[in-house]
Amino acid sequence: PPPPPHASTMKSVVLLAAAAAVLGADAYSGGAAARSRVPRSAVNAVATETTFVTTKSSATFAEAKTIMPGGVSSPVRAFKSVGGDPVVFDRVKGAYAWDLDENKYIDYVGSWGPAIVGHANDEVLEELTKVLQKGTSFGAPSALENILAKMVIEAVPSVEMVRFTNSGTEACMGVLRLMRAYTGREKLIKFEGCYHGHADSFLVQAGSGVATLGLPDSPGVPAGATKMTLCAKYNDLASVEALFEANPGEICGVMLEPVVGNSGFIAPDQAFLEGLRALTLKHGALLCFDEVMTGFRIAYGCAQKHFGVTPDLTTMGKVIGGGLPVGAYGGRKDIMEMVAPAGPMYQAGTLSGNPLAMTAGIKTLQILSRPGTYEKLDLLTSKLINGILDAGREAGHEMCGGHISGMFGLFFCNGPVRNYQDATKSDTAKFARWHRAMLERGVYLAPSQYEAGFMSTAHSDEDIEKTIAIAREVFKMI
């Protein structure tokens with residue numbers, strides 16, 4: 001039999017419907033001018049008793065655990081770090097998601113970043129429908145690859161040639177092999193708390209004193225696979241310089257998330273990025289920005305365009321596939337010509353450059369290139385994160401956080417958070433309670449303190465205001 005329903009009675013702030021019921025429906029029928037006349041105090045004060053029921057999600061997840069490890073296809077989806085069972089999605093559209101029990105959520109995960117123009121965007125779906133009639137995969141060259149490649153090359157400062165893959169992990173695996181092939185060196189510097197996929201070479205424990213010893217942090221990863229991986233401290237240029245001095249002529253390059261999203265949201269110091277560029281040039285090593293998360297997310301041209309620091313190589317994913325599986329790595333032409341079949345460094349993929357992913361990526365980038373897109377993302381995200389932080393502090397919580405364009409994050413500590421070690425000072429137990437209470441009130445956030453959040457162009461001011469009002473209510477409870 002299915003498990004008993006998970007139900008918790010709570011107050012869910014329903015801004016538009018509830019305010020209309022109290023203040024008159026025409027208060028919300030006259031556009032922005034009419035809405036501006038509705039007192040915020042009245043909106044925040046109105047709430048309705050509802051029941052959060054997840055009977056179908058619970059049954060589906062219970063079955064999933066008997067047929068898939070942990071019941072999921074990717075670990076963070078299991079809600080292990082926040083407690084409780086995950087909800088199982090049925091469908092998504094725009095800024096919203098619905099689970100199997102018809103609970104509706106304002107979604108700030110966005111499929112972990114790709115849904116920057118909103119879930120199931122009508123323009124993207126229209127183009128995909130056309131391409132579906134021609135086939136889902138060719139396993140042969142497609143003109144669509146040329147189109148997306150040229151768009152990426154035109155937008156991203158470091159990219160003169162590009163190779164498409166099926167995931168960000170594949171892209172990072174390929175680019176590391178390329179860095180080693182081009183330089184003839186084997187050692188790589190990465191940073192504690194930066195994630196570059198689940199390939200053996202990258203699974204080195206972060207935030208630990210043994211990190212620089214190259215010890216793997218996953219069973220099944222041989223020590224030999226990570227002994228050439230050196231870990232430095234993010235936003236600490238001296239730690240990078242020390243590794244170069246200790247390993248002269250042996251380091252192929254430095255790889256990092258230019259804006260960290262896998263230790264929570266952590267912004268870089270401008271001087272840190274500029275210093276990495278100078279250090280790698282000084283030591284004859286390559287600089288690679290892993291922009292799988294930040295690529296076309298924080299700027300049309302990626303983080304490197306935003307900060308004005310150009311690496312030698314770049315990895316991408318998520319946004320450039322418009323919600324379909326995709327990855328890519330690119331960079332200077334002289335380096336990329338090492339990749340087979342142009343050169344001897346081998347990398348391949350059955351579904352790489354498939355017409356569906358290329359089509360979704362092309363249309364998504366076309367939408368993002370329209371005037372005002374990133375300005376809108378920045379305004380919405382700023383309003384959201386500042387509103388949440390203000391509400392938390394007003395309720396007496398220690399909090400810090402920030403955003404760049406459509407990427408944001410917060411921590412339950414005073415901060416500042418400049419690296420992984422700082423991030424571990426956050427009160428993760430409090431985050432877990434906050435996350436669950438927000439979920440039960442219809443706000444879907446990343447189920448981990450150590451993940452960034454994502455805004456889309458489909459989110460509205462009303463979505464943001466509703467989220468802040470719910471957050472204010474929850475902060476008072478926890």
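## Elements and model

Helices (H or I, at least four residues) and strands (E, at least two) are DSSP runs, numbered from the N terminus. The structure described here is a predicted model. Phe296 illustrates the scheme: this residue is found in the loop between strand E10 (286-291) and helix H11 (302-307).

## The seven-stranded sheet

An open sheet of seven strands has the order E6-E12-E11-E10-E9-E7-E8, with mixed pairing. Its edges are strand E6 (161-165) and strand E8 (229-232), each of which pairs on one side only. From one strand to the next, the twist averages 20 degrees. Helix H9 (residues 237-246) lies across E7, E8 and strand E9 (251-256), and its direction makes an angle of about 150 degrees with E8.

Within this sheet, strand E11 (residues 313-317) and strand E12 (residues 327-331) run antiparallel and are joined by five bridges. Met316 stands opposite Ala328 of E12. Tyr329 also lies in E12, and with a relative accessibility of 0% this tyrosine counts as buried. Although 15 residues separate Tyr329 from Thr314 in sequence, their C-alpha atoms are 5.6 Å apart in space.

## The four-stranded sheet

A further open sheet contains four strands in the order E3-E4-E5-E15, again with mixed pairing. Strand E3 (89-93) and E15 are the edge strands; each has a single partner strand, so one side of each lacks a neighbour in the sheet.

Strand E4 (residues 96-99) and strand E5 (residues 104-107) pair in the antiparallel sense over three bridges. In this pairing, Tyr96 has Ile106 of E5 as its bridge partner, and Ala97 stands opposite Tyr105 of E5. Four residues lie between the strands of the E4 and E5 hairpin, where Glu102 adopts a positive phi near 70 degrees. E5 is also joined to strand E15 (residues 443-444), in this case by two bridges and in the parallel sense. There, the bridge partner of Asp107 is Tyr444 of E15.

## Helix H17 and its contacts

Helix H17 lies across E4, E5 and E15 of the four-stranded sheet, running at about 105 degrees to E5. H17 (residues 461-477) also packs with helix H14 (residues 373-394): their axes come within 9 Å and cross at roughly 15 degrees. Angles under 35 degrees count as roughly parallel, and H14 is therefore roughly parallel to H17. The crossing of these two helices is right-handed.

On the H14 side, the contact is formed by Leu380, Lys383, Leu384, Gly387, Ile388, Ala391, Gly392 and Glu394. H17 contributes Asp461, Ile464, Glu465, Thr467, Ile468, Ala471, Arg472 and Phe475. By class, the residues of the H14 and H17 contact comprise eight nonpolar, three polar and five charged.

## Backbone exceptions in loops

Most residues other than glycine have a negative phi, and most peptide bonds are trans.

Phe79 is not a glycine, yet has a positive phi of about 65 degrees. This phenylalanine is found in the loop between helix H4 (55-67) and E3. Phe296 is buried, with a relative accessible area of 0%.

Two cis peptide bonds may be noted. One joins Ala340 and Pro341, with omega at about 5 degrees; Pro341 belongs to the loop between helix H12 (333-336) and helix H13 (355-368). The other runs from Gly415 to Pro416, with omega near 0 degrees, and Pro416 is placed in the loop between strand E14 (407-411) and helix H15 (420-423).

## A buried loop serine

Ser201 is located in the loop between strand E7 (187-191) and helix H8 (223-226). With a relative accessible area of 15%, Ser201 is buried. Apart from neighbours within four places in sequence, Ser201 is in contact with Leu176, Arg180, Ala225, Thr226 and Thr229.

Note on methods: Residues numbered from 1 in each chain as written. Predicted model: local features only at pLDDT ≥ 70, side-chain atom pairs only at ≥ 80, totals over all residues. Heavy atoms only, no water. Axes fitted to C-alpha atoms, helices over the stretch in contact; angles between N-to-C directions. Parallel < 35°, antiparallel > 145°, perpendicular 65-115°, else oblique. Left-handed = near helix turned anticlockwise from the far one by under 90°. Contact = heavy atoms within 4.5 Å. Nonpolar A, V, L, I, M, F, W, Y, C, P; charged D, E, K, R; others polar. Buried < 20%, exposed > 50% of the residue type's maximum accessible area, 1.4 Å probe, protein only. Pairing = 2+ DSSP bridges.
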